[in-house]
Amino acid sequence: VDARKYWCPVFAQLDADFVLQGHDHVYSRGFVNADGTKALDAPVGSTVSDPENAPLYMIGGHAGGLKWYSMKNYTVGAGDPLLPNYAFLDVDSANPGHNADSRGSDSKREQVIVELAVSEEKVDIKCYMFKYDEASDAITTGKYLYDSLTVLKADGEEEPEDDGKPTASVSGPVAADIKDGEEIEYVVSYSNLDNANAFDTAIEYDAGKLELVKAESIPSDASFSYPTADAENGKIALITGLSKPVSGDQDIAKFVFKVKSDAQTGQTIVKLVRANTVAAKLDESGNMLVGSVDVSAEIKGDASTEITDEIPETPETPPEDVNGDGEFTLADLSMALGHYQSTDPADLAEYDLNGDGVIDSADYIIICLAIRNGN
């Protein structure tokens, strides 16, 4: 309910094109307004052109246990963000009229595979299904095509013209853990350079979450690096000089941090605040600099990293490996995955590695850590 209430209006306001979500044990897709109601019809074979503020939502079935939902009679309750005339799914595999044999079922009779092919111009989506017999624990059909659609850039949509002006951006990790000594890197890259050999790059960061380790120039032929830091206020700048001018795209500066042990979990932003360079002129031989012009690169966005403490440390004494072969491998993880969410005492004795009474992702993470660390 909260996800629909708070995220749906944001996606509509941002005019998002395509929203992938889960996890329900159905396949469904449709265009949705900010208030959670159906925006427009998109029956099979139809084309919808740039629906404004009505993203295409798709639930791609599920991963994990074999289970299938039947169509439900849903009544809007108090506090529900959906309107009383709630009905927004253009294709819903739980609807008996849409199901291949008109038999919506809570049992394990129908399963789904969604395949997505992504390119710069389009996303091709194909939804396949296959039938499963619960009594015999067997797949009874090959996969068959249930639904297909394409999210395509509009014909005639022109790419913005490249005015030749240099641009700069900062990139970093999507997530980082609160662990003493773990270092994370942010890289500043320049594009559309024209014989540039000098750079003045500055970033701002959250000094409450990140501790600066070092700032250094990336190019191997960098002949000069001059960092200046104001760690208390979360500011660091680096002047880089190259022995030979470069053109096109180039990674210039690397800023290395470690997550503070007392950092608060949540998002941290590294902002690129200065990206100055030059456009140099060369003599006819192409070797001698005969002039340089100062240029401010256009800054493209910030780097966002999620700080988390949810991933456990590797146990000091690793648990016994699951399959008893003396080492942790993917085979151990495979066996544990087969008992997801089990609370059976026999299963817990084998696969509940953290002792919390259920077999879940926390146990799988322990196995993964042991695999990575060679335990």
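Predicted model: local features only at pLDDT ≥ 70, side-chain atom pairs only at ≥ 80, totals over all residues.

Tutor: The chain holds four helices and 19 strands. Of its 375 residues, 34% count as buried. Among contacts between residues at least 6 apart in sequence, 67% join residues at least 24 apart.

Now to the part you asked about. The largest nonpolar core has 32 residues, and Y190 and F255 touch the most other members. Two or more residues come from each of these elements: β10 (167-171), β12 (183-204), β13 (210-217), β15 (235-259), β16 (266-282) and β19 (303-308). Strand β15 gives the largest share, nine residues. As a general background, nonpolar side chains in soluble globular proteins tend to be buried together.

Setting aside neighbours within four places in sequence, F255 is in contact with I184, E185, Y186, V188, T201, I203, K214, A215, I236 and L238. Apart from this core lies another one, of 14 residues, with L56, V112, I125 and C127 among them.

The structure holds four aromatic pairs. In one of them, the rings of W7 and F11 have centres 5.5 Å apart and planes at 20 degrees, so this pair is stacked. Both W7 and F11 lie in helix α1 (residues 2-13), four residues apart, which is about one turn of the helix. F11 has a relative accessibility of 25%, so F11 counts as partly exposed.

Another pair is formed by Y186 and F257, and this one is edge-to-face, with 5.9 Å from centre to centre and 75 degrees between the planes. Here the pair links distant parts of the chain: Y186 is in strand β12 and F257 is in strand β15, 71 residues apart. Y186 is buried because its relative accessible area is 0%, and F257 counts as buried because its relative accessibility is 0%. Together with Y205, Y186 and F257 form one aromatic cluster.

Strand β12 also holds S191. With a relative accessible area of 24%, S191 is partly exposed. The C-alpha atoms of S191 and A168 are separated by 6.3 Å, although the two residues are 23 apart along the chain. Leaving out neighbours within four places in sequence, S191 is in contact with P166, T167, G248 and D249.

To finish, let us look at a helix pair elsewhere in the chain. Two packed helices are described by the angle between their axes and the distance between the axes. Helix α2 (residues 330-337) and helix α4 (residues 361-372) pack at an angle of about 175 degrees, with their axes 9 Å apart. An angle over 145 degrees counts as roughly antiparallel, so α2 is roughly antiparallel to α4. At this contact, L330, D332, L333, A336 and L337 in α2 meet Y364, I367, C368 and I371 in α4. The residues of the contact divide into eight nonpolar, no polar and one charged.

How values were computed
Residues numbered from 1 in each chain as written. Heavy atoms only, no water. Core = buried A, V, L, I, M, F, W, Y, C linked by side-chain atoms within 4.5 Å. Buried < 20%, exposed > 50% of the residue type's maximum accessible area, 1.4 Å probe, protein only. Contact = heavy atoms within 4.5 Å. Phe/Tyr/Trp six-rings, centres within 6.5 Å; stacked < 30°, edge-to-face > 60°. Axes fitted to C-alpha atoms, helices over the stretch in contact; angles between N-to-C directions. Parallel < 35°, antiparallel > 145°, perpendicular 65-115°, else oblique. Nonpolar A, V, L, I, M, F, W, Y, C, P; charged D, E, K, R; others polar.
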